[in-house]
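Thanks for coming, everyone. Please have a look at the model on the screen, and then I'll walk you through a few places in it.

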Amino acid sequence: MTVNFSTDSDQIKGVTILGSTGSIGVSTLDVIARHPKRYSVVGLSANSRIDVLFEQCLIFQPIFAAVTEERDAKTLAHKLKSAGLDTQVLVGEQGLVQMAENKQCDYVMAAIVGAAGLQPTLAAARAGKRVLLANKESLVMAGRLFMDAVFETGAELLPIDSEHNAIFQSMPLGSVSADANLLAVGVRKILLTASGGPFLNTPIEELSSVTVEQACAHPNWDMGRKISVDSATMMNKGLELIEACWLFNARPQQIQVVIHAESIVHSMVDYVDGSVLAQLGNPDMRTPIAYGLAWPERIDSGVNALDLFSLGTLTFKPPEFDRFPCLRLAYEAMEAGGSSPAVLNAANEEAVAAFLAGQIRFDQIAQVSEEVLGAHSSEAISSISQVLQVDEQARIKANQFIKTLS
Ligand code: NAD
Ligand code: MG
């Protein structure tokens with residue numbers, strides 16, 4: 001299949017997708033393919049799945065394709081040339097940054113997983129692009145620096161994480177801006193919904209023996225492995241709490257996590273007059289992706305209409321912190337501020353990687369994060385190089401502790 005993009009309109013927006021071979025990347029391309037008169041693809045990227053990237057290039061014919069390794073770049077460039085494409089192959093973080101900053105690119109979908117997404121996502125903000133933010137780790141690591149870059153350049157920041165997209169939709173205009181103020185617009189609380197993941201009702205003593213497959217099998221969402229494990233520990237909700245604080249200029253106490261196992265209400269905003277506004281929909285990331293692409297308009301995303309009658313009942317309950325210690329750690333890290341959220345993020349990434357590699361147990365993910373965060377004294381953050389240093393130190397400490405466990 002080849003998508004025939006129209007070139008006769010000034011309105012056509014050039015889109016770069018950082019992490020196009022992942023779950024969010026593939027969903028983004030699915031939405032874009034439905035609207036060839038609105039969007040063209042400027043850049044695509046992959047870490048290691050070069051074959052998938054090549055197939056995407058054949059269909060979407062981007063100007064750039066970026067990969068992590070020089071060796072893969074050579075292979076891909078050769079295959080593209082043989083297929084008659086003049087897509088330029090870029091390498092490494094610098095390649096991702098170049099794609100994100102390129103003049104032909106209007107919108108950047110930040111869909112790389114983890115800390116690897118920070119620099120290119122920040123580059124997109126600094127270049128004043130519309131940033132469709134799926135990579136929550138950028139905000140967790142460098143919230144102040146990232147938001148300052150957005151406000152200084154006038155970049156448009158559209159949250160793609162389903163919860164933050166729902167909050168954005170339920171807030172007045174200007175909820176992501178330098179002068180955002182929850183009290184001034186009558187917001188009492190943000191109600192951040194969480195499915196509770198696959199272990200919501202598992203006896204706590206059984207959490208020490210759950211397998212990687214069980215942890216990655218999310219009941220409602222089809223996602224990458226790292227975020228799936230984060231959902232099972234609820235570190236994902238913790239990272240989202242931090243993300244929401246930065247996006248909407250909220251304090252941690254202004255955000256209430258609500259367990260909503262059905263994942264139909266994607267989050268809510270509680271106003272002082274007693275109104276609660278919510279966004280509902282089937283759990284399919286193409287809805288927030290289409291919203292971010294088309295905002296302030298609405299376009300077809302390919303997602304089925306929500307069938308309320310077949311759902312019948314929606315349930316809500318408070319989270320249990322002893323079942324989900326990672327959620328408590330995120331509140332503590334955000335309260336401590338400064339470098340603490342970046343430390344928590346780095347420790348968690350290392351712990352999740354060790355769990356996925358079979359080196360530690362599921363319940364030890366929280367233990368690693370708690371150990372590393374507990375030993376850290378928060379420092380004020382003033383530069384990205386400082387964030388990267390803090391991140392590296394936290395990873396070293398996490399791996400030292402992981403060795404004592406495995
Ligand atoms: P995924 O693992 O499916 O895909 C990750 C993408 O990042 C892939 O394209 C991969 O090639 C690329 N990548 C990985 N490591 C890289 C590296 N070191 N350098 C360059 N590229 C690298 O992940 P996903 O589920 O699509 O999640 C992507 C981001 O979106 C994450 O930050 C996640 O928290 C967020 N998010 C995902 C969902 C979802 O439903 N999947 C929902 C909300 C937020
Ligand atoms: Mg989410």
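Let me start with a question: where is the place of Gln61? Gln61 sits in the loop between helix H2 (50-60) and strand E3 (64-67). Helices here are DSSP runs of H or I with at least four residues, strands are E runs of at least two, and both are numbered from the N terminus.

A quick word on ground rules. This is a predicted model, in which local features need pLDDT of at least 70 and side-chain atom pairs count only at pLDDT 80 or more, while totals for chains, interfaces and linings use all residues. Residues are numbered from 1 along each chain as its sequence is written, chains are lettered from A and ligands numbered from 1 in the order in which they are written, and side-chain values use heavy atoms, with hydrogens and water left out.

Back to Gln61: its phi is near 45°, a positive value in a residue other than glycine. With a relative accessible area of 45%, Gln61 is partly exposed. On that scale, buried means under 20% relative accessible area, exposed means over 50%, and partly exposed is in between, using a 1.4 Å probe and protein chains only.

Asn249 also has a positive phi, of about 50°, although it is not a glycine. You'll find Asn249 in the loop between helix H10 (235-248) and strand E9 (255-259). Asn249 is partly exposed, at a relative accessible area of 46%.

Now to helix packing. Helix H4 (residues 92-101) and H5 pack at about 25°, with their axes 8 Å apart. The axes are lines fitted to C-alpha atoms, for helices over the stretch in contact, and the angles run from 0 to 180 degrees between N-to-C directions. That angle makes H4 roughly parallel to H5; under 35 degrees counts as roughly parallel, over 145 as roughly antiparallel, 65 to 115 as roughly perpendicular and the rest as oblique. On the H4 side, the contact is made by Glu93, Leu96, Val97, Ala100 and Glu101, and on the H5 side by Gln119, Pro120, Ala123 and Ala124. Contact, by the way, means heavy atoms within 4.5 Å.

H5 (residues 118-126) has another neighbour to show you: its axis and that of helix H16 (residues 384-405) come within 12 Å and cross at roughly 160°. H5 and H16 are therefore roughly antiparallel to each other. Here H5 brings Leu118, Gln119, Leu122 and Arg126, while H16 brings Ile384, Val387 and Leu388.

Leaving out residues up to four places away in sequence, Met109 touches several residues, including Ile17, Leu132, Ile160 and Ile289.

Arg286, Ile289 and Leu293 are among the buried ones. In the loop between H11 and helix H12 (308-311) lies Pro296, and a cis peptide bond, with omega about 5°, joins Trp295 and Pro296.

One last stop: Glu370, in helix H15 (residues 364-374). Glu370 is partly exposed, with a relative accessible area of 36%, and it touches Arg328 and Leu329, not counting residues up to four places away in sequence.
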